[in-house]
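Please consult the sequence and the model while reading.

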Amino acid sequence: MGEGERSIQNLSLPEQAIQFFSKSWGIQELHPPQFEAMGPLFKENNILLAIPTASGKSLVAYIAILNQLLNVNPGSRAVYIVPLKALASEKFEELKEIGQHLGLKIGLGIGDATSEAKNIDESDILICTSEKLDSLMRSRSELMSNVSIVVADEFHLLHDASRGPTLEINLTRLRTLRPNAQLIALSATVGNCDILAKWLDAVLIKSDWRPVDLEYSTLHDRHLEPRKIQSSSLDSTHQVLSPPRHLDGPLSHPSWIVVQDTIEQGGQVLVFVGTRRSAQSEAKKLSERVKKRFAKEQPERLVELEQLAETLEGRSQTSMGELLAHCIRGGVAFHHAGLTHRQRQTIESGFKKGTILALCATPTLAAGVNLPARRVLVRDIKRWDDGMSRPLPVMEVHQMLGRAGRPRYDSIGEAWVLCKGTDGWQIADDVSERYFFGPIEDISSKLSAEPAMRMHLLSCVATGGLLHREAIGSFFDATFLGTTMPNTQLQERLDSMLDWLVEERFLRRLGIDETFEARRQDKAMDDEETWNDDVPVWVNVAQESGGVSLQEERQTRHVPSPHGKPSLGFVAATSLNNVGGWNQTLGEPPAMKYEATPMGERIAQLYLDPLSASILRTGMRRAVRRMVRQDGPVSEFGLTHLACSTPDFASLWAKTSDLTLGSDLQLKAAAVEDELLYEIPYEERHLGLVKSAWCLEHWFEEETMREMEKQLDVSPGDVHHRVDLMDWLLYAAREILLTDDVFADEHMPILAQLSSNLDTLRQRVRHGCKPDLLKLVKIRHVGRQRARSLASIGIRTPKDVLEMTHRDQQKVASWRGWGPKLVDNIMAEVKKVVQRDDGKAPVKKRGDDMPLDGEYQA
């Protein structure tokens, strides 16, 4: 393959797009796997691109998007699915550059702001998380009506138990709604790529090529032994390993040995560890050693690091913030989910600029933002899971090691794994065999798990237009789960879940649909004469819901089967009426019709796990009965605890010290026992829920982060994540209360009072304040701490702010952390929404409020 044919100038894109890639991004030619993808890409085939990290998967997706939006389907829309909000923001910045140059509007959907709606409506390219896309397809499926291309980034996370099922359902639904849309799946290399490609009806592009050579090495007892090289050369004969070498440093601190060698090499290093606590302790120890060395050899770097530490948000509010600032001053930082969003941004920016030398991180970083370094050390290859220490999956270790080597900066990336144990040589050989040369795990569907199936099954009926048992079965048969699970087992599981949803009154059975059954029988007779072997099962679903014309699909996508009998996976659902799960004596009749109840529809719209809804509904009913009978408390703690009890909430866990008799948590649990609206019999789980509710109570009672950290051992990132979840769940609880239909009219005042209480509690949780500050904290630039400061001098409402004298404003401006500019900004914000009322201005009367002559005055 000559380099000339890989030139970016040869792409069949508008000249303006080619000029952008070559001049703005400096791309002159495609990498070999990128070039290999161009053929099927411009033929509008679906593509599964399984190549290593940093090999240019995103560029292939961008080219495919531009081909569809500028060449094939002008005026259509592209959807770019990502697993994480941080990754969505990163892709948004890249695509915004392209959009500004080519006149395309970019929308971002991550669920963080109401202002997203307009951008989503007007977007040519919509970047969103799987959860946001699922929500949009439930509530506004018309947004998908003109989609011509779908990109699924980090597609291998289909294997993830929390995110995978939603991605799987999204792709299945999009193939139903827009069967002619091109699908580009970007994945790390996995074991069963061929099976995944077959499911997606995609061309598989698989390669180990990397733009920067990656050398895999084991490190044990200070001995570094290169084992394998993943090369950028197309000729494998040029792959020459570096010689083994011995590193200097203390055996008791192998991470420092690596960091010290990194300093001498003039690079940076990512150190992956197993837990947050390990990340913090390792960063602290390394920073102290690095700081001493920099003080002797590079004192100017310490000045730069001090400046970076001073920009860190919350550096004095918690002990974790203080520790992070301390570590940054020594050239090292830690990175995990307990940090706030801005703290992570500061660290990532400092590392990208080269200011921070080493970053100690948990494995979640490897699945997040693009943060490469010359060297990566995986310190911990085991993790405590399900009661025992287990080796990390090969795929996860590859994701971490793949961060080594920065394109355009490094000639080689160094991927090192630390081998611990008494027999270092044998362990190193075993590690090499497993993680460097061993097979990567297969991806399996996680859709069969109860939480995922009940949530998406309800959604299919409530908002997806799948009303008959046969259509429901066909849809799930078209998922990746349907290709891997025996059909009988899948249909039995669906029947069981449908029974539960009906018992909970989220769905109702309407009986056999005679019209549908007659049409089904007619079609079965036709199928005896003409097999539809070449049509995937999801086309049957699309036909019923009005999403696709069978004739159009046959012309544009699929080639008739050359085989004389039906091929596996392409059997028309109607032909399965007497096979396995379709046998009417074993399950629901195919023509059984379902519909969602008003409660079921609302739950699907709220994007709530039906089990969470059941728990909230039970708690709300108990609360109403208590208020009517006045025989028990309905407290803010009880309502918070109820929301914490749902599977949609990320509960804290009780630690060993919490389980000790007489602990603070035990005493708190005893004190609030009468307030709880939902009980868990398992004591450790019960204490974890009480701890979760207590954490949020600390928050909305205006306890400081430092106090929460000390008493409950939680980090700011933990608190903020749970505040967001609680905000959503309290809103859902209020909606469930108002949708429930079991109470009589005479109880409506009680329902209204409870609804008001939930709304007030939700506002308190969102802003983290007591009720008297709720009016102040809604002013922009005024958080709970500033609001409390204003309240201390008698200012409690926006109107009070406007009435501040010049002297009051000067006093407030003199407070620490305020200043005249901030006071002016606050005053300007208040003036936008509040008008001065001097008590003399006449109230303007509306003409249409004046009664007519002879009109009866009630």
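The structure described here is a predicted model.

## Salt bridges

A search of the whole structure finds 52 salt bridges. One of them joins the side chains of Arg293 and Glu264, with an N to O distance of 3.7 Å. This pair links distant parts of the chain, since Arg293 belongs to helix α10 and Glu264 to helix α9 (residues 254-265), 29 residues apart. Arg293 is buried, with a relative accessible area of 16%, whereas Glu264 is exposed at 52%.

A salt bridge is also formed by the side chains of Glu517 and Arg520, at 3.6 Å from N to O. These two residues stand three residues apart in helix α20 (residues 514-529), and therefore about one helical turn separates them. Glu517 is buried, with a relative accessible area of 16%; Arg520 is likewise counted as buried, at 5%.

In the salt bridge between Asp772 and Arg796, the closest N and O atoms are 2.4 Å apart. Here too distant parts of the chain are linked: Asp772 lies in the loop between α30 (748-767) and α31 (774-777), and Arg796 in the loop between α32 (784-791) and α33 (798-802), 24 residues apart. Asp772 is partly exposed, at 31% relative accessibility, and Arg796 is partly exposed at 34%.

## Positive charge on the surface

Lys285, Arg289, Lys292 and Lys296 form a patch of positive charge on the surface. Of these residues, Arg289 is located in helix α10, which spans residues 276-297. Arg289 has a relative accessible area of 32%, so this residue counts as partly exposed.

Helix α26 covers residues 664-671, and its buried residues are Leu665, Gln666, Lys668 and Ala669. Viewed down the axis of α26, these buried residues fall within an arc of 160 degrees, which means that they line one face of the helix. The exposed residues Leu667, Ala670 and Ala671 are carried on the face turned away from the buried side of α26.

## A contact across the sequence

Leu13 is found in the segment before α1 (15-24). Leu13 is buried, with a relative accessible area of 8%. In sequence, 58 residues separate Leu13 from Asn71, while their C-alpha atoms are 7.3 Å apart in space.

Notes: Residues are numbered from 1 along each chain as its sequence is written. This is a predicted model: local features need pLDDT of at least 70, side-chain atom pairs count only at pLDDT 80 or more; totals for chains, interfaces and linings use all residues. Side-chain values use heavy atoms; hydrogens and water are left out. Patches are made of residues with over 30% relative accessible area and no salt bridge: like charges are joined within 9 Å, nonpolar side chains (Val, Leu, Ile, Met, Phe, Trp, Tyr) within 5 Å. Accessible areas come from the Shrake-Rupley method with a 1.4 Å probe; for residues, only the protein chains shown count as cover. A salt bridge is a side-chain nitrogen of Lys or Arg within 4 Å of a carboxyl oxygen of Asp or Glu. Lys and Arg count as positive and Asp and Glu as negative; His and the chain ends are not counted. The place of a charge is taken as NZ of Lys, CZ of Arg, CG of Asp or CD of Glu. Helices (H or I, at least four residues) and strands (E, at least two) are DSSP runs, numbered from the N terminus. Buried means under 20% relative accessible area, exposed over 50%, partly exposed in between (1.4 Å probe, protein chains only). The arc is that of the directions from the helix axis to the C-beta atoms.
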